[in-house]
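Student: I would like to go through the strands and helices of this model. Please show it first.

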Amino acid sequence: MTTAPPLAALPAGRILKTLRAQRQGPVLTIELNTPEQGNAVTDAMLDDLLAVLDDQNPAVRVLVLRAAGEDFCLGGDRSEFAEHLADDPTASGIRLSGTKARRVCDALTANPAVTIARVQGRAIGAGLALALACDLRAGADDATFRLPELALGLPTAWGGLLPRLISEVGAARVRELILTGRVFGAAEAASLSVLQKTVPAHELDTAVDAWAKPIVRRPSAGLRVTKTLLNSLTASARLADASALDAELMAAVVAEQHRARGRA
């Protein structure tokens with residue numbers, strides 16, 4: 001059910017430049033497909049993700065987010081930051097990109113279908129945010145994770161990652177992961193609820209299918225209402241969620257760094 005899908009144009013008439021997408025009955029599979037770049041998140045990838053998610057067929061009950069190549073996602077493409085700053089030193093392009101990132105992650109979390117992240121290799125920064133936006137997360141037992149933003153001089157402000165991470169993991173552990181920027185493996189990720197299942201890499205598809213098969217048999221109305229209820233209860237624990245400011249925070253920090261380098 002979740003084997004690597006062939007390239008498809010979804011929605012109709014749009015060619016996806018960075019993704020592969022295919023719907024098989026009630027299951028939609030989206031594959032990040034720039035392995036030569038470690039599936040780094042670019043504006044083009046965000047645009048493709050929004051195109052697929054905005055055009056999602058209402059018959060879809062399970063959405064699987066996976067990635068081609070050795071790594072799930074090596075984070076945001078920082079080379080685009082330089083391009084945005086070259087176009088506009090006030091970082092308006094970074095604000096726009098950050099807004100798209102928030103829309104993508106919100107579309108995964110609020111999706112009427114159950115979303116499943118299939119994680120292999122490295123999931124760094126924005127890659128971890130994409131996985132964490134999904135309802136269920138299965139990872140290879142040799143997968144690794146990292147939040148390197150602070151080491152790069154950036155805030156942990158992408159796609160609403162921080163409040164989701166605190167909600168799932170807990171503030172004390174998140175504080176340590178962000179401040180140290182250390183790598184942590186699949187076993188620790190499972191203990192922190194970043195992953196709900198770990199298996200050998202060759203068993204990932206089987207693990208995802210084991211979740212998907214019973215879910216697609218659930219009555220659609222009950223499934224939709226249950227997910228809405230779970231999201232509502234989770235959101236109630238995040239009353240101080242300020243992640244709507246993520247794009248502004250990232251843009252402000254990057255623009256200030258750019259100005260400081262210019263003064264040096």
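This is a predicted model: local features need pLDDT of at least 70, side-chain atom pairs count only at pLDDT 80 or more; totals for chains, interfaces and linings use all residues.

Student: Which strands are the edge strands of the open sheet?
Tutor: The open sheet has six strands in the order β1-β2-β3-β4-β6-β9, with mixed pairing. An edge strand pairs on one side only. The edge strands are therefore the two ends of that order, β1 (19-24) and β9 (197-199).

Student: How many bridges join β1 to β2, and do they run parallel or antiparallel?
Tutor: Strands of a sheet pair through backbone hydrogen bonds, in one of two directions. In the hairpin of β1 and β2, two residues lie between the strands, and Gly-25 takes a positive phi near 60°. Gln-24 has Val-27 in β2 as its bridge partner. β1 and β2 (residues 27-32) are joined by six bridges and run antiparallel.

Student: Which residue in β6 does Ile-116 stand opposite?
Tutor: Strand β4 (residues 114-119) runs parallel to strand β6 (residues 136-140), and four bridges join them. The residue in β6 opposite Ile-116 is Leu-136.

Student: How many residues of the contact of α5 with α6 are charged?
Tutor: α5 contributes Leu-162, Leu-165, Ile-166 and Val-169, and α6 contributes Ala-171, Arg-173, Val-174 and Ile-178. Seven of the contact residues are nonpolar and none is polar, and the number charged is one.

Note on methods. Residues are numbered from 1 along each chain as its sequence is written. Side-chain values use heavy atoms; hydrogens and water are left out. Contact means heavy atoms within 4.5 Å. Ala, Val, Leu, Ile, Met, Phe, Trp, Tyr, Cys and Pro count as nonpolar, Asp, Glu, Lys and Arg as charged, and the others, Gly among them, as polar.
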